[in-house]
Amino acid sequence: MNMRKMMILCFLSVSLGINAQILNPVKWSTNVTRISDSEFELIATAEMEPGWHLYSQSVPEGGPVATQFSYEGNGRYLKKGNTSEGEGHTIHDPVFDMEIKYFENKAYFKQRIKSKTDEAFKINASVRFMLCDDTQCLPPKEVDLIFEINK
């Protein structure tokens, strides 16, 4: 391979790497709130960059990928109900041409659990989601979350 082709390949590799880093417009964080001696609320927070939005857990058929949470069972807790979400906005989405609920800036998702032990433990979870702005959508992505239950 000649030097010119190697330089072009290097440039393209660096350009693609930079572009991939730029298009990560959401940061996830976790928190746990104690409700009682044995009940806790797991809180997952998504903070989006301006102009980007995250879709609800419930979207119409043919729309974007809904936000979905999975919690790994470890025998130390029981889930109480389903994961709830904040109010969000319901608008006519120009990308999908339908009414869709979404969140911008910050979104909170909460899951109640009941502990079956007196010891501290961790809950491994994941969230699958899709982000869009007014002109494009990023491919669905999955992020691991960890909730620390301290007794």
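Me: Let's start with asparagine 24. Which residues does asparagine 24 touch, leaving out those up to four places away in sequence?
Reply: Asparagine 24 touches Glu49 and Lys141. Contact here means heavy atoms within 4.5 Å.

Me: Before we go on, what kind of model is this?
Reply: This is a predicted model, where local features need pLDDT of at least 70, side-chain atom pairs count only at pLDDT 80 or more, and totals for chains, interfaces and linings use all residues. Residues are numbered from 1 along each chain as its sequence is written, and side-chain values use heavy atoms, with hydrogens and water left out.

Me: Thanks! Back to asparagine 24: what does its side chain do with lysine 141?
Reply: The side chains of asparagine 24 and lysine 141 make a polar contact at 3.3 Å. A polar contact is a pair of N or O atoms within 3.5 Å; within protein, one must be able to donate a hydrogen and the other to accept it, and residues adjacent in sequence count only if both atoms are side-chain atoms.

Me: Is asparagine 24 buried, exposed or partly exposed?
Reply: Asparagine 24 counts as partly exposed because its relative accessibility is 28%. Buried means under 20% relative accessible area, exposed over 50%, and partly exposed in between (1.4 Å probe, protein chains only).

Me: New topic: how many disulfides does a search of the whole structure find?
Reply: The search finds 1 disulfide. Cysteine 132 and cysteine 137 form it, with their sulfur atoms 1.9 Å apart. The cut-off for a disulfide is a pair of cysteine sulfur atoms within 2.5 Å.

Me: Which hand does the disulfide of cysteine 132 and cysteine 137 have?
Reply: The torsion about the S-S bond is about 105°, so this disulfide is right-handed. Cysteine 132 is buried, at 0% relative accessible area, whereas cysteine 137 is partly exposed, at 25%.

Me: Now the strands. In what order do the 4 strands of the open sheet come?
Reply: The order is S1-S2-S8-S5, with antiparallel pairing. The edge strands are S1 and strand S5 (77-85), each pairing on one side only. From one strand to the next, the twist averages 20°; axes are lines fitted to C-alpha atoms, for helices over the stretch in contact, and angles run from 0 to 180 degrees between N-to-C directions.

Me: How many bridges join S1 and S2?
Reply: S1 and strand S2 (residues 39-48) pair over 9 bridges in the antiparallel sense. Two strands pair if DSSP finds at least two bridges between them. As one example, serine 29 has threonine 45 in S2 as its bridge partner.

Me: What about glutamine 111, where is that?
Reply: Glutamine 111 is in strand S8 (residues 106-115). Glutamine 111 is buried, with a relative accessible area of 0%, and its side chain reaches the backbone oxygen of lysine 80 at 3.4 Å. Its contacts, not counting residues up to four places away in sequence, include Phe40, Tyr71 and Lys80.

Me: And serine 115?
Reply: Serine 115 also lies in strand S8. Serine 115 is buried at 7% relative accessible area, and its side chain reaches the backbone oxygen of threonine 117 at 2.9 Å.

Me: How many aromatic pairs does a search of the whole structure find?
Reply: There are 9 aromatic pairs. In one of them, the rings of tyrosine 55 and phenylalanine 96 have centres 6.1 Å apart and planes at 85°, so the pair is edge-to-face. Rings of Phe, Tyr and Trp (its six-membered ring) pair if their centres lie within 6.5 Å; planes under 30 degrees apart count as stacked, over 60 as edge-to-face and the rest as tilted.

Me: Last one: what is the phi of aspartate 97 near?
Reply: Phi of aspartate 97 is near 55°, a positive value in a residue other than glycine. Aspartate 97 is in the loop between S6 and S7 and is exposed, with a relative accessible area of 58%.

Technical notes
Helix = DSSP H or I, 4+ residues; strand = E, 2+ residues; numbered from the N terminus.
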